[in-house]
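Student: I would like to go through the labels used for this model and check each one against its cut-off. Please give the value, then the definition, then the conclusion.

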Amino acid sequence: MWLPDNVPPMRWLGILIVAVFYALHQDFWFWKSARPLVFGFLPIGLFYHVVYMLASAAVLWFLVRFFWPSHLDK
Amino acid sequence: MIPAIVVFLYLGVVLYIGIFAFRRARGKSSAEDYFLAGRSLGPAVFLFSLFGANMTAFSILGASGHAFANGIVTFGLMASSSALVIPLALFVIGTRLWSLGKRHGFMTPVQMFRDRWECGHIGTVIFAVQAVLLVPYIVIAVMGGGTTLRTISGGMIPFWLGGAIVSLVVMGYVFFGGMRGTAWVNTFQSILFLMFGAVAVAVIAAGMGGFRTAMESLLAAPSTAPLLSRERVSPWYFLSYTFIPLSSIAFPHIGIFCLTARKLTHFRKTIVLYPICMLAIWLPSVFLGVVANQATTVPAIKAKVEARAQLASQGAQLSPAERDRLRGQAAGDDVILRLLEGYAPLWLASLLGASVMAAVMASDSQILALSTMFTEDVFAFYGGKARFGEAIQVQTGRLFIVIFTLVAYVIALRLPQSIFDLATQYSFAGFSSLAPLLVAALFWKGSTRWGALASTLWTAMAVLSIAVLQSTVPAPPPGTVVSVLSIAGAQAVTRVTTGTLVFGLLPVVPMTIMSALLMVIVSKLTGATRPGKETLARYFSKEGL
């Protein structure tokens, strides 16, 4: 209903990648710990989310590279 | 006085940019040119102006203030979730808005809704709700301008004059430059933000003798150690914050910005680089906000830390008025400013002043969006364009900018800021709750105008209810909860220090889910009112989207 009838399998792969990445935002494993301090001053919970943002750029590059809606430009 | 001179130089530069854009556009009197820069923005200006439109005063000042009080959790709550959700929304929804705008000449999201659902007055209702949710930001910006100029000038410029100067400058470059001027100013402001963050961190680190010692000291003290982890926040609360960035694409000024790119491919760099730009601004803001807790050699910061400690230890015994006073004293929105006062040379403090002005002036694109919406969704829709022509339509848009800025200025002088702080706090939730409209319009054939109306009215009612609740139930002391509504023994709605929670979640979660459900249920019930085949073909066929 919410997706077109003919969703190509590749698009499901894109949706799966986004869903997994969205779930990775909820990093309960560093919830109560500040240590180790990465580089001596970045609490691990903060460092994780810095890396998460860099990885977001990589995921978005992947989506843009392989799932670009070029048909919209016609 | 030097910081004030630098800020005035900055204001002069942005005003000139607007006038320069006006000269560049001479001879082009179409509404599309004025309101959308003729859909001609290049990749760099598109990236920086879209990013700048999303970065409000909150990104620099509010983020560091939140981190000062709540610690590193601020970064995960507001920055990293937005870094994924906002560019993803641009990828999935923004590109489609651009395509539809290019093909059918849409200039606002409401025009697309009216076409998609074959509705007229329901579009006007959506316009009204969007406009009401947007107005508080503009009033807050006037207030921020007045406060910032008063602080930077050491009190020489009073609040009313500071607000008037900032309003006139913003009105000036939006009035003359339209979207082209606004986009160029936003680009200039974004570059200023991006440069400022790294420099501020380096200078303050040097001033504090490095961050390692500061971090170890924070960890050693029981009152500050929790700031470096997320133990004070529940995972559900953390998760609920990921709904907030859905608001971005539903904000009309962001939707309208999506229509300004010259080519679809300009979205590519914007989408990929967006998280990097966010990182460059938010990491310094949050990190410095946390570190400020250790900068008690700065008298203003010491006073904040003491006020917070008093609030925590004696909060329950204090009157609500006394609690509010202490809360205001402990507020950390100016901690970066105070850190720079304490550790940075004058030249950097001056540049900061300009950056702060850039942040509080981010209302430009919102004023222009309101003007575009008014002239397209109301003036043109109800016959003004057909009757008076396009040139008059553009002049009407300019007149709207002048009148609206004056009204916002008068409101800013007469009403207390707390009202607008509250309104902006929940208008993010309101726009997230309007996001299902865009998803349904673009991806679900079965959606109807009545579903859209139900979602819109629900959003308006929910925002209003929370505003009334928070106005009538005062904020309790930190760490305590006031139960407002219980269902079967469970606390359904609670009032906490920072706002309102629904089953422990931010209100944005039930608001957005209910909005989506209403869209589905009401659309199913009113399936007979689906648009005709021709309309659906524009959105769902191979030739369409």
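**Labels and their cut-offs**

Student: What makes B:R39 and B:E32 a salt bridge?

Tutor: The closest N and O atoms of B:R39 and B:E32 are 3.0 Å apart. A salt bridge needs a side-chain nitrogen of Lys or Arg within 4 Å of a carboxyl oxygen of Asp or Glu, so 3.0 Å between this Arg and this Glu qualifies. The model is predicted, with local features needing pLDDT of at least 70 and side-chain atom pairs pLDDT 80 or more, while totals for chains, interfaces and linings use all residues. Residues are numbered from 1 along each chain as written, chains are lettered from A and ligands numbered from 1 in written order, and side-chain values use heavy atoms, without hydrogens and water.

Student: Why is the salt bridge of B:R230 and A:D27 said to join two chains?

Tutor: The side chains of B:R230 and A:D27 meet at 2.6 Å, N to O. B:R230 lies in the loop between helix 9 (211-220) and helix 10 (235-240) of chain B, and A:D27 in the loop between helix 1 and strand 1 (37-38) of chain A, so the pair joins two chains. B:R230 is at 2% relative accessibility and therefore counts as buried; A:D27, at 0%, also counts as buried. The structure holds 6 salt bridges over all chains.

Student: What makes the aromatic pair B:F20 and B:W184 tilted?

Tutor: Rings of Phe, Tyr and Trp (its six-membered ring) pair if their centres lie within 6.5 Å; planes under 30 degrees apart are stacked, over 60 edge-to-face, and the rest tilted. There are 28 aromatic pairs over all chains by this rule. B:F20 and B:W184 are 5.9 Å centre to centre with 40° between the planes, hence a tilted pair. B:F20 is in helix 1 (residues 2-24) and B:W184 in helix 8 (residues 159-207) of chain B, 164 residues apart.

Student: Why is A:L24 called partly exposed?

Tutor: The relative accessible area of A:L24 is 34%, so A:L24 falls in the partly exposed class. A:L24 lies in helix 1 of chain A and is one of the residues of a nonpolar surface patch of about 910 Å². Areas come from the Shrake-Rupley method with a 1.4 Å probe, only the protein chains shown counting as cover for residues. Helix 1 of chain A supplies the largest share of the patch, 5 residues.

Student: Why is chain A called more spread out than a compact globule?

Tutor: Chain A has 2 helices and 2 strands, in the order α-β-β-α from the N terminus. Its radius of gyration is 17 Å, well over the 11 Å that the globule rule gives for 74 residues, so chain A is more spread out than a compact globule. The radius is taken over C-alpha atoms, and the rule is 2.2 Å times the number of residues to the power 0.38.

Student: How do you know how compact chain B is?

Tutor: Chain B has 24 helices and 3 strands. Its radius of gyration, 23 Å, is close to the 24 Å from the globule rule for 545 residues, so chain B is as compact as a globular protein of that length. Buried residues make up 60% of chain B.

How values were computed:
Patches are made of residues with over 30% relative accessible area and no salt bridge: like charges are joined within 9 Å, nonpolar side chains (Val, Leu, Ile, Met, Phe, Trp, Tyr) within 5 Å. Helices (H or I, at least four residues) and strands (E, at least two) are DSSP runs, numbered from the N terminus. Buried means under 20% relative accessible area, exposed over 50%, partly exposed in between (1.4 Å probe, protein chains only).
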